[in-house]
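Subject: Structure handover

Hi,

Here is the structure for you to look over. My notes follow below it.

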Amino acid sequence: MQTVTLAVIAGLVLGKPIGVLGFSWLAVRSGIAVLAPGLSWPFIVAGSFLAGIGFTMSVFIADLAFDATMLNAAKLGILSGSAFAATIGTLILLQLTRLETRT
C-alpha cells in the first residue's frame with residue numbers, strides 16, 4: 001500500500017473525527033454552542049466518525065493535488081477511509097442505541 005493511500009485513510013478515519021470532536025468540544029466549552037437536549041458526547045463521537053465519509057470533495061482535492069499515478073492511490077485511500085469511518089461510526093451508533101433501549 002502506498003504512503004498516499006495510508007495518509008488519506010488516516011486523514012478520514014483519524015483527522016476528521018479529531019477535528020469535528022475537538023471543535024465541538026471547544027464550541028461547547030467556550031459557550032458558543034450548547035448540546036441539544038438528549039444529545040450526548042458519545043453520539044457526537046459517532047457523528048464525528050461519520051464525518052469521515054467523504055467522496056466528492058476528497059476526490060476533487062485529490063484530483064487537483066496529485067498526478068495520474070498517485071491519483072489512483074489517493075482514490076483507494078478515499079474509498080477505504082470512507083468505508084472504515086462509516087463502519088466505526090455505525091458500530092458506535094448501534095452500540096449506543098442498544099444501550100439506550102436497555103435502560
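Where is Phe 60 placed? Phe 60 lies in helix α3 (residues 56–65). Helices here are DSSP runs of H or I with at least four residues, numbered from the N terminus.

Two notes on the source. This is a predicted model, where local features need pLDDT of at least 70, side-chain atom pairs count only at pLDDT 80 or more, and totals for chains, interfaces and linings use all residues. Residues are numbered from 1 along each chain as its sequence is written, and side-chain values use heavy atoms, leaving out hydrogens and water.

Phe 60 has a relative accessible area of 47%, so it is partly exposed (between buried, under 20%, and exposed, over 50%; 1.4 Å probe, protein chains only). Its C-alpha atom is separated by 18 Å from that of Ala 83, 23 residues apart along the chain.

Next, α3 against helix α4 (residues 68–102). Their axes come within 10 Å and cross at roughly 160° (axes are lines fitted to C-alpha atoms over the stretch in contact; angles run from 0 to 180 degrees between N-to-C directions). That makes α3 roughly antiparallel to α4 (over 145 degrees). On the α3 side, the contact (heavy atoms within 4.5 Å) is made by Ser 58, Val 59, Ala 62 and Asp 63. From α4 come Leu 71, Ala 74, Lys 75 and Ile 78.

Last, helix α1 (residues 3–30) and helix α2 (residues 41–50). They pack at about 140°, axes 8 Å apart. They are therefore oblique to each other. In α1, the residues that meet α2 include Trp 25 and Val 28.

Best wishes

Definitions and conventions: Helices (H or I, at least four residues) and strands (E, at least two) are DSSP runs, numbered from the N terminus. Angles under 35 degrees count as roughly parallel, over 145 as roughly antiparallel, 65 to 115 as roughly perpendicular and the rest as oblique.
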